[in-house]
Amino acid sequence: MSVTARRCDVRRRSPWRRLVLATRADAPGRDKTTLWTDARLARLYERYRRLYWRGRLPEFTVRVAELTRCVGLCEWTTRVVTVDVAQHDSDREVRSTLLHEMCHVAAVRGGTAHGSRFMRQLERLLRLGAPVTLDLPETGNAPTLSAVPARFRRCRGVLRAAYARERREVERQIAERCADSQPIEGAQLRGLILDGFEDAGMQRVPWRAALWGIGREFHLIDIDGEPLSWARDLVRAGMTAWRRGRRAALEYDRAAAVFGVGSLCEAGSRRPVGDSPPPVQVSGT
Ligand SMILES: [Zn+2]
């Protein structure tokens, strides 16, 4: 899937566009999809449901509609799967997006949206030869392939090329932007990470949210938000730093209660914590 965040969070829906089933033959690069209707998509859902889940997948309403921030959407609360056909370049991509959303249906609610439960479904589909394609959105845009546990062998095999492509692009951008700067040494990087955790504690960011934000930024965690094996010691040290920061914040609160906020200097933050959401979630996707 070339474009896109195929994000699947439950979010406010765009107004349904039930009958606008664009092939967009006039738009460059968008001329390879045939006509998709709600009924056609629903038939495909039913066929895949029997073929790949032995009919055990819950029944969902399946719709073609415009989406503003994603190309597919799975909403557990209303039991609706939506695919924005107009954002796809081919029928194959449409089918793949439908399968992606069906994996969310099968993974049921809870856990990280694109965590192990979701990945297990993709692994099954690959084993069964289903027409599903994998790219970074299937990992929730995890920064490295190491975030995908080794037990998902087929997924990792397919994703390897996507991550290699991504790495080349990132390296190219870094080379362009940082041609004159010095590389960061390992010890410096460790200090940077620990500072980040301490700042998060000072800013009263909950531990899981801090781990998610910093862990994603520095490639310390897997798709479930758990520390990678090589990073466990570092994350443990990070938790110590985070507690230190939190203690400082509590002391500040106590002092502010006694002396008044105006007489105190705000506990400074050296750097902002990443703003990614914590891996608690998500009803449905
Ligand atoms: Zn998804």
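Two strands are said to pair if DSSP finds at least two bridges between them. On that basis, E1 and strand E3 (residues 80–83) are paired in the parallel sense, over four bridges. The model is a predicted one. The points below begin with the protein as a whole and return to this pairing within the sheet.

**Overall make-up**

- The protein has seven helices and three strands.
- Read from the N terminus, its elements follow the order α-β-β-β-α-α-α-α-α-α.
- Of the 285 residues in the protein, 34% are buried.
- Among contacts with a separation of 6 or more, 70% are between residues 24 or more positions apart.

**The sheet and its strand order**

- The three strands form an open sheet in the order E1-E3-E2, and the pairing is mixed.
- Strand E1 (61–64) and strand E2 (72–75) are the edge strands; each has a single partner strand, so one side of each has no neighbour in the sheet.
- On average, neighbouring strands of this sheet are turned by 15° against each other, direction ignored.

- The parallel pairing of E1 with E3 extends over four bridges.
- Within this pairing, Arg63 has Thr82 in E3 as its bridge partner, and Val62 stands opposite Val81 in E3.
- E2 pairs with E3 in the antiparallel sense, also over four bridges.
- Here the bridge partner of Leu73 is Thr82 in E3, while Cys74 stands opposite Val81 in E3.
- Val81, for its part, has Val62 and Cys74 opposite it.
- E2 and E3 make up a hairpin with four residues between them, and Arg79 in the turn has a positive phi of about 55°.

**Side-chain directions in E2**

- In a regular strand, side chains alternate between the two faces of the sheet.
- In E2, Gly72 and Cys74 point one way, whereas Leu73 and Glu75 point the other way.
- All four of these residues, the charged Glu75 included, are buried.

**Helices lying across the sheet**

- Helix H1 (residues 38–53) lies across E1 and E3 and runs at about 135° to E1.
- H2 lies across E2 and E3 and runs at about 25° to E2.

**Packing of H2 with H3**

- Two packed helices are described by the angle between their axes and by the distance between those axes.
- Helix H2 (residues 91–107) packs with helix H3 (residues 116–127) at an angle of about 125°, and their axes are 8 Å apart.
- This angle makes H2 oblique to H3.
- The crossing of H2 and H3 is right-handed.
- From H2, the residues in the contact are Leu99, Cys103, His104, Ala106 and Ala107; they meet Arg117, Phe118, Gln121, Leu122 and Leu125 of H3.
- By class, the residues of this contact of H2 with H3 are seven nonpolar, two polar and one charged.

**Packing of H5 with H7**

- The axes of helix H5 (residues 186–202) and H7 come within 6 Å and cross at roughly 40°.
- The crossing of H5 and H7 is right-handed.
- Residues of H5 in the contact include Arg190, Ile193, Leu194 and Phe197, and those of H7 include Leu234, Ala237, Ala241 and Trp242.
- The contact of H5 with H7 comprises eleven nonpolar, three polar and six charged residues.

**Positive phi angles in the loops**

- Most residues other than glycine have a negative phi.
- Arg54, a residue other than glycine, has a positive phi near 50°.
- Arg54 is placed in the loop between H1 and E1.
- Arg54 is exposed because 8 other C-beta atoms lie within 10 Å, and 12 or fewer count as exposed.
- His219, also a residue other than glycine, has a positive phi near 60°.
- His219 is in the loop between helix H6 (207–217) and helix H7 (232–259).
- His219 has 15 other C-beta atoms within 10 Å and is therefore partly exposed.

Technical notes:
Residues are numbered from 1 along each chain as its sequence is written. This is a predicted model: local features need pLDDT of at least 70, side-chain atom pairs count only at pLDDT 80 or more; totals for chains, interfaces and linings use all residues. Axes are lines fitted to C-alpha atoms, for helices over the stretch in contact, and angles run from 0 to 180 degrees between N-to-C directions. Helices (H or I, at least four residues) and strands (E, at least two) are DSSP runs, numbered from the N terminus. Angles under 35 degrees count as roughly parallel, over 145 as roughly antiparallel, 65 to 115 as roughly perpendicular and the rest as oblique. A crossing is left-handed if the near helix is turned anticlockwise from the far one by less than a right angle, and right-handed if clockwise. Two residues are in contact if their C-beta atoms, placed from the backbone, lie within 7 Å. A residue is buried if 20 or more other C-beta atoms lie within 10 Å of its own, exposed if 12 or fewer, and partly exposed in between; C-beta atoms are placed from the backbone.
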